[in-house]
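Please look over the sequence and the model shown below before reading on.

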Amino acid sequence: MRKTKILLPGGAGLVGQNLVARLKTKGYTNIVVLDKHRANLAVLKRVQPDITAEYADLAEPGDWQRHFVSADVVVMLQAQIGGNDYQDFVRNNIDSTRLVLDAINANDVPYLVHISSSVVESVADDFYTNTKKDQEKMVLESGITCPVLRPTLMFGWFDRKHLGWLSRFMKKVPVFPIPGHGRYMRQPLYVGDFANIIISCIEHRIRDGIYNISGHEKVDYIDMIREIKRATRATTIILRIPFALFYALLWVWGLFDKNPPFTTQQLAALSAKDEFEVIDWPGIFGVPYTPFRAAVDETFNDPRYSRVVLEF
């Protein structure tokens with residue numbers, strides 16, 4: 001089992017970095033990561049120097065396809081999450097998926113785990129939501145039997161976009177702005193738990209099913225910010241500002257930043273009042289959930305990984 005060849009397309013991001021760390025803890029050594037984010041690949045190579053990590057634009061045919069030969073497991077992780085260019089979402093969520101599925105079929109890879117997203121059931125209407133819906137549909141219609149995991153908002157080690165970015169921003173500014181009342185219910189999922197769910201799929205060869213993997217605690221956005229402040233011992237002042245003003249500031253920011261950390265589309269998704277199904281994934285996958293407060297502490301205070309930051 002520990003010699004299993006595990007291939008991670010898009011594996012230099014948040015989930016991939018956490019998954020590699022936990023796979024290695026369990027004794028897996030034959031791990032191959034394919035990603036086109038050079039800076040994050042460099043972080044992965046530095047932190048985990050004994051795995052194979054190669055540059056690959058999965059939206060284009062290339063030498064990366066050779067890695068599917070003799071692969072035992074593919075965990076499909078590649079995704080465009082943020083940004084304002086629709087074509088980036090098409091390339092990284094749709095075109096790449098088509099080529100990865102083709103490579104799986106061409107090489108008779110026996111096992112796939114597809115990482116979808118809770119947004120496929122969201123009322124939000126944005127580039128990420130729409131292309132992730134299309135991506136999941138492609139996987140389900142491909143004829144490849146696999147579990148489909150739909151995580152909610154994730155945080156943990158190597159988090160560059162969500163709680164990680166918020167924590168770094170908090171340390172830089174004297175006042176931390178909150179849009180409107182801040183009571184936007186979230187179901188944050190600790191990525192360490194999610195990585196362990198993926199490993200459970202691999203080890204027990206769960207063959208099919210769609211699983212909504214939500215955080216087991218419902219936490220308002222403003223309370224998430226307060227927990228980050230507590231764990232990081234930040235001194236910033238948390239201040240509510242009118243929603244329309246917050247939106248306008250993000251819109252102006254987007255004019256000057258091609259890849260902003262937070263977009264007006266994401267703000268709209270934050271206030272969309274989504275509530276996602278909470279299934280008994282601890283029972284299904286044999287993975288106990290980590291309480292939110294403990295997970296935040298581990299995220300920001302772990303001596304091995306909490307100070308390792310991926311590029312946005």
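**Charged pairs, spaces and surface**

Arg22 is buried, with a relative accessibility of 10%, where buried means under 20% relative accessible area, exposed over 50%, and partly exposed in between (1.4 Å probe, protein chains only). The model is a predicted one, in which local features need pLDDT of at least 70 and side-chain atom pairs count only at pLDDT 80 or more, while totals for chains, interfaces and linings use all residues. Residues are numbered from 1 along each chain as its sequence is written, and side-chain values use heavy atoms, with hydrogens and water left out.

Side chains of opposite charge can pair when their charged atoms come close. A salt bridge is here a side-chain nitrogen of Lys or Arg within 4 Å of a carboxyl oxygen of Asp or Glu, and by this rule the count comes to 17 salt bridges. One of them joins Arg22 to Glu298, with the closest N and O atoms 3.9 Å apart. This pair links distant parts of the chain, since Glu298 belongs to helix α11 and Arg22 to helix α1 (residues 14–25), 276 residues apart; helices (H or I, at least four residues) and strands (E, at least two) are DSSP runs, numbered from the N terminus. Glu298, at 32% relative accessibility, counts as partly exposed.

Asp220 and Arg183 form another salt bridge, their closest N and O atoms being 3.0 Å apart. Arg183 is partly exposed, at a relative accessible area of 39%. Within helix α7, Arg230 and Glu227 are 3 residues apart, about one turn of the helix, and their side chains meet in a salt bridge of 2.9 Å, N to O. Of these two, Arg230 is partly exposed at 29% relative accessibility, whereas Glu227 is buried at 16%. Salt bridges that share partners also join Arg183, Asp220, Asp223 and Arg226 into one network.

Rolling a probe the size of a water molecule over the atoms shows where empty space is left. On a 1 Å grid over the protein atoms alone, a cavity is a set of points where a 1.4 Å probe fits but cannot get out, a pocket is an open set with protein on both sides within 12 Å along at least five of seven lines, and lining residues have an atom within 4 Å of a point.

The second largest pocket holds about 290 Å³ of space, and its lining of 19 residues has Ser167, Lys171, Phe300, Ser306 and Arg307 nearest the centre. Helices α5 (163–172), α7 (221–232) and α11 (292–301) each supply at least two residues of that lining, the largest share, 4 residues, coming from α5.

A search of the whole structure finds 1 cavity of 30 Å³ or more. The largest cavity has a volume of about 100 Å³ and is lined by 14 residues, of which Pro188, Tyr190, Gly215, His216 and Thr290 lie nearest its centre. Both β10 (189–190) and α11 contribute at least two residues each to this lining.

Phe243 has its place in helix α8 (residues 243–256), and its relative accessible area of 31% makes it partly exposed.

Terms used
Points joined across faces, edges and corners; volume = space filled by probe spheres on them.
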